[in-house]
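Biologist: I would like to learn how to read the inside of a protein model. Please take one feature at a time.

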Amino acid sequence: MSTSNLNIPDISSANIPVQGDIAALAGGQNFVPDVAMIERLANELFAGVPGKLAAYSPSLGSATPPRNNDLAFPLTGGDPLDLHLDTPHTHSPQLPVTSDWAPGADFALAPNLDASSYPGEDVLRDLLKDNAKEHPKMTGATLYFLDEAARFNRNPSQASILQTASVSQAKAAVGQIPTSAHPPFDVLSVRRDFPILKELVNGRPLAWLDNAATTQKPQSVIDRLSYFYEHENSNIHRAAHEIAARATDAYEGARDKIADFINASSNKEIVFVRGTTEAINLVAKSWGKKHIGKDDEILITHLEHHANIVPWQMLCAETGAKLKVAPVDEDGQILLEEYERLLNSKTKLVSFTQVSNALGTVTPAKQMIEMAHRYGARVLLDGAQSVSHMHADVQYLDCDFFVFSGHKVFAPTGIGALYGKPEVLEEMPPWQGGGNMIEDVTFEKTRYHPAPSKFEAGTGNIADAVGLGAAIDYVQKLGIDNINRYEHELLVYAMGALGSIPGLRLVGTAKEKTSVLSFVLDGFQTSEVGEALNKEGIAVRTGHHCAQPILRRFGLEATVRPSLAFYNTHEEIDRLVSVVRQLSRK
């Protein structure tokens with residue numbers, strides 16, 4: 001067997017000097033190998049063992065290797081998990097994709113190559129053992145581009161895509177993004193922070209692809225909630241005792257974190273609410289009732305969630321105002337010329353989403369806000385689907401209101417925030433009455449606190465506000481740019497993989513898009529697809545997603561909606577695609 005291209009030194013002994021990439025791999029515990037390094041080293045390995053690898057190539061041999069799910073190579077001590085991979089992960093921007101392999105060539109898999117057609121990790125180790133017999137100096141050689149990935153990315157109960165020999169699958173498991181301009185994003189390290197991702201569903205590892213509905217919570221958020229109830233639980237603001245002071249500091253500290261997160265100029269511009277829906281209703285009931293009258297116009301878009309439609313319909317029915325709707329094109333993008341054509345001196349409010357929850361379309365928010373302001377309209381921007389994926393800078397956007405829900409950004413349910421420009425909040429009347437929001441009460445007159453307190457009647461959701469602050473800390477620690485870059489890589493891969501399935505129609509193909517993958521499959525109800533995925537432990541949303549108008553724009557009543565977060569992996573996309581592809585073959 002030729003080993004001229006196989007240059008793998010023995011790094012098992014500290015007495016053997018190593019250099020370059022190998023030295024890095026032998027380094028400290030915090031090292032995570034770079035993708036380019038993994039690919040290069042893997043290619044060297046494959047280039048050096050053409051004889052036996054040829055037996056596992058559909059074009060070069062006929063021997064039948066063991067299937068991946070028979071190899072069962074878990075990352076850690078958990079039980080081996082049968083992944084039932086139908087199509088291997090082949091996404092690798094830095095490698096050519098070809099069904100032929102030859103000595104010295106980059107190793108890559110054809111898009112339609114079945115998982116049974118290429119060798120697993122144990123097969124490769126056997127090849128190395130054979131090399132060691134023929135070349136005694138290579139006795140210490142290891143499959144280090146996989147060993148190191150496993151060593152630095154351990155996750156109990158999680159099946160590892162590293163059991164395969166695919167370079168791109170190794171890259172996916174390490175969770176790197178193919179770029180040298182930014183630090184690597186270690187997805188498996190991130191996944192360790194989310195306890196629920198260790199769950200098994202129907203005997204399969206949970207793949208949580210329902211993030212547009214709600215996101216999972218990192219351990220730091222769970223611990224922060226527990227700490228609050230153990231050490232800080234109290235009502236806030238008015239008591240003289242120590243525990244109340246702790247609770248107040250934690251609650252108001254969370255308000256500070258939200259202000260910083262969305263780049264508000266002051267924490268006084270942040271109102272705690274139950275979520276996006278309550279925030280929009282607050283604006284409708286307070287600002288809307290004061291400023292919108294008969295024949296005034298409210299402009300929304302075809303992309304909106306019901307929460308950004310129904311409150312305005314209710315306001316129009318009460319005041320005699322008119323609701324106008326900006327259309328979208330066949331890709332789900334706002335038709336800006338039509339949007340501007342609907343703006344006029346009667347337009348008092350424009351309210352639209354920054355990211356569509358049903359299609360994933362990213363709207364040109366800044367441009368749309370500027371256009372609305374030219375006609376004197378106030379603008380509410382729905383950030384429920386954007387805050388966990390991209391920068392939300394309210395000063396840059398210049399929106400008058402910005403709303404989002406905590407549970408969309410890895411925080412607890414039942415908490416969210418409304419941002420308002422200070423001059424707008426100041427002249428808005430309270431929308432609810434009660435304790436906490438008052439400065440003085442007599443039977444003749446009540447005097448209210450200034451914003452934001454005047455909008456927070458009663459005992460607030462103190463603990464979950466603190467949890468939202470902890471979730472923002474977590475996102476800030478990872479870096480929204482790193483998150484955005486990694487998720488975009490996943491989205492591009494998933495769009496390509498799903499789009500290759502016969503009979504599958506992707507709904508929402510805007511050029512600017514994030515996080516959401518809506519589709520329908522010929523011959524199947526969306527609920528049937530969802531049930532098939534659930535049997536394999538894959539959680540997606542099916543139905544109308546509280547966005548019936550936009551689905552009906554495409555002639556549909558429901559879609560299957562996988563949606564992504566930064567803890568998802570290429571392997572999970574492979575599992576999704578495998579199930580859907582098997583359905584399509586029926």
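This is a predicted model: local features need pLDDT of at least 70, side-chain atom pairs count only at pLDDT 80 or more; totals for chains, interfaces and linings use all residues.

Modeller: Residues are numbered from 1 along each chain as its sequence is written, and side-chain values use heavy atoms, with hydrogens and water left out.

Biologist: Which residues touch the most other members of the largest nonpolar core?

Modeller: In soluble globular proteins, nonpolar side chains tend to be buried together. A nonpolar core is a set of buried Ala, Val, Leu, Ile, Met, Phe, Trp, Tyr and Cys residues joined through side-chain atoms within 4.5 Å. Buried means under 20% relative accessible area, exposed over 50%, and partly exposed in between (1.4 Å probe, protein chains only). Here the largest core has 107 residues, and Ile-262, Tyr-339, Phe-402 and Phe-566 touch the most other members. Helix α17 (residues 462-478) gives the largest share of this core, 11 residues. Another core, of 26 residues, lies apart from it and includes Ala-279 and Leu-418.

Biologist: What is Tyr-339 in contact with, leaving aside neighbours within four places in sequence?

Modeller: Contact means heavy atoms within 4.5 Å. For Tyr-339, with those neighbours left aside, the partners include Leu-299, Ile-334, Met-368 and Met-371.

Biologist: Is Val-387 buried or exposed?

Modeller: Val-387 counts as buried because its relative accessible area is 0%. Its place is in the loop between β8 (378-382) and α15 (394-397). Helices (H or I, at least four residues) and strands (E, at least two) are DSSP runs, numbered from the N terminus. Not counting residues up to four places away in sequence, Val-387 touches Phe-261, Ala-392, Phe-402, Phe-404, Val-409 and Ile-480.

Biologist: Where is Ile-573 found?

Modeller: Ile-573 is in helix α21 (residues 570-585). With 0% relative accessibility, Ile-573 is buried too. Beyond four places in sequence, its contacts are Leu-490, Tyr-493, Ala-494 and Leu-564.

Biologist: How many residues does helix α10 have, and what covers its buried residues?

Modeller: The expected span of a helix is 1.5 Å times one less than its number of residues. Helix α10 (residues 242-261) has 20 residues and reaches 28 Å from its first C-alpha to its last, close to the 28 Å expected. Its buried residues include Ala-244, Tyr-251, Arg-255 and Phe-261. Among the elements covering the buried residues of α10 are α9 (219-231), β4 (270-273), β9 (401-405) and α17. Asn-263, with a positive phi near 60°, follows α10.
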